[in-house]
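Trainee: Could you take me through this structure step by step? I would like to learn how to read it.

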Amino acid sequence: MMNKKMSVLLIVVMAIMLGLTGCSSNKNGTGKIKLAYVAWDSEIASTNVVKEVLESKLNYRVEMIQVDAGPMYVGVADGAADAMVAAWLPSTHGEIYYEPNKDKLEDLGANLKGTKLGLVVPAYMDIKSIEDLKKEDVGKLVDYTITGIEPGAGIMTQAELAVKEYDLNKWNVLASSSAAMVKVLQDAYAKQEPIIITGWTPHWMFADMDLKYLEDPKKAFGESEEIHTLVRLGLKEDHPKAYRFLDQFEWTPADMESVMGDITEGMPEEEAAKKWVAANEAKVNKWIAGIE
């Protein structure tokens, strides 16, 4: 009876040890990687592509964790997530999200350069600058409303700053979601009606509609930005192959817009990522170069 109990105990101990091994770091290219991201079209595209490469080329299992911008940074900083490829720096996320967490995570640099943010209108609207919003007739056209996205997004903070910087006292930045903002824009565009939104590039809507940024002489939205890859401390030691790939991952606005366009047209996110990875073998090979 004692031997039977000892055998059962041994099996339980071994099972626990195996379970722990499965959850721990694995330097041979297998294991689980958690990617945090926000539900913006740009970040959905990039995170799915990174997931596809980690799984199909490096044999990792990947969990995508959708959160708001603030929790995305905190998640990587406290180790709840391993990485993110969605840090808009230096202005959009810099002061409110990156700076408070920068000592608790590692910045691997830009994965995409040439981004832009600001207030966007259809090209048929006869206004050029944020300064024009001070005009009474312009405000009445859109009920003094700027249609925005999620309230936690950095661009919303910048839009509210712009309202103050330009003394747009009657104006309101209306929070919604990225998807809702685009739907409102599409509806207005189809009817050739006036609308002002918080916009950014890369984004497929600029290929789908004739849009323009309002000039921002006071630089409330900052200059051109970059999207950075951030990882938790210790990832290099725990998952060196994933770390090296993330460090080497970089692409262009055109690359990102290609994936976003397929998703917008109805292709499932994972399928769009697979299609792009399959069609861009040379670029993907550069991302995983030197990984054995």
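Mentor: The protein's secondary structure consists of 13 helices and nine strands; helices (H or I, at least four residues) and strands (E, at least two) are DSSP runs, numbered from the N terminus. This is a predicted model, in which local features need pLDDT of at least 70 and side-chain atom pairs count only at pLDDT 80 or more, while totals for chains, interfaces and linings use all residues. Residues are numbered from 1 along each chain as its sequence is written, and side-chain values use heavy atoms, with hydrogens and water left out.

Trainee: What box do the C-alpha atoms fill?

Mentor: Taken along the principal axes, the box is roughly 90 × 40 × 35 Å.

Trainee: And what percentage of the residues is buried?

Mentor: Of the 292 residues in the protein, 48% are buried. Buried means under 20% relative accessible area, exposed over 50%, and partly exposed in between (1.4 Å probe, protein chains only).

Trainee: What about contacts between residues 24 or more positions apart?

Mentor: They account for 80% of the protein's contacts with a separation of 6 or more. Contact means heavy atoms within 4.5 Å.

Trainee: Let us turn to the strands. How many residues of β1 are buried?

Mentor: Strand β1 covers residues 31-37, and five of its seven residues are buried.

Trainee: Which strand does β1 pair with, and in what sense?

Mentor: β1 pairs with strand β2 (residues 60-66) in the parallel sense, over seven bridges. Two strands pair if DSSP finds at least two bridges between them. Within this pairing, Ile33 stands opposite Val62 in β2.

Trainee: New topic: where are the cis peptide bonds?

Mentor: One runs from Leu89 to Pro90, with omega near 10 degrees. Pro90 sits in the loop between β3 (83-89) and α4 (94-101). The bond from Thr201 to Pro202 is also cis, with omega near 10 degrees, and Pro202 is in the loop between β7 (197-201) and α8 (205-208).

Trainee: Why point these out?

Mentor: Most peptide bonds are trans, and most residues other than glycine have a negative phi, so exceptions deserve a look. Asn59 has a positive phi of about 65 degrees although it is not a glycine; Asn59 lies in the loop between α2 (41-56) and β2. Asp143, in the loop between α5 and β5 (145-147), has a positive phi near 55 degrees.

Trainee: Is Asn59 buried or exposed? And Asp143, buried or exposed?

Mentor: Asn59 counts as exposed because its relative accessibility is 53%. Asp143 counts as exposed because its value is 60%.

Trainee: And Asp132, buried or exposed?

Mentor: Asp132 counts as buried because its relative accessibility is 14%. Asp132 is in the loop between β4 (105-122) and α5 (136-141).

Trainee: What does the side chain of Asp132 reach?

Mentor: It reaches the backbone nitrogen of Lys128 at 2.8 Å. Leaving aside neighbours within four places in sequence, Asp132 is in contact with Ile127 and Val138.

Trainee: Last topic: how many cavities of 30 Å³ or more are found?

Mentor: A search of the whole structure finds one. On a 1 Å grid over the protein atoms alone, a cavity is a set of points where a 1.4 Å probe fits but cannot get out, and lining residues have an atom within 4 Å of a point. The largest cavity holds about 70 Å³ of space, a volume being the space filled by probe spheres set on the points.

Trainee: Which residues line the largest cavity?

Mentor: The lining consists of Trp40, Trp88, Thr92, His93, Leu117, Ile149, Ala153, Gly154, Ile155 and Trp200.

Key. On a 1 Å grid over the protein atoms alone, a cavity is a set of points where a 1.4 Å probe fits but cannot get out, and a pocket is an open set with protein on both sides within 12 Å along at least five of seven lines; lining residues have an atom within 4 Å of a point. A polar contact is a pair of N or O atoms within 3.5 Å; within protein, one must be able to donate a hydrogen and the other to accept it, and residues adjacent in sequence count only if both atoms are side-chain atoms.
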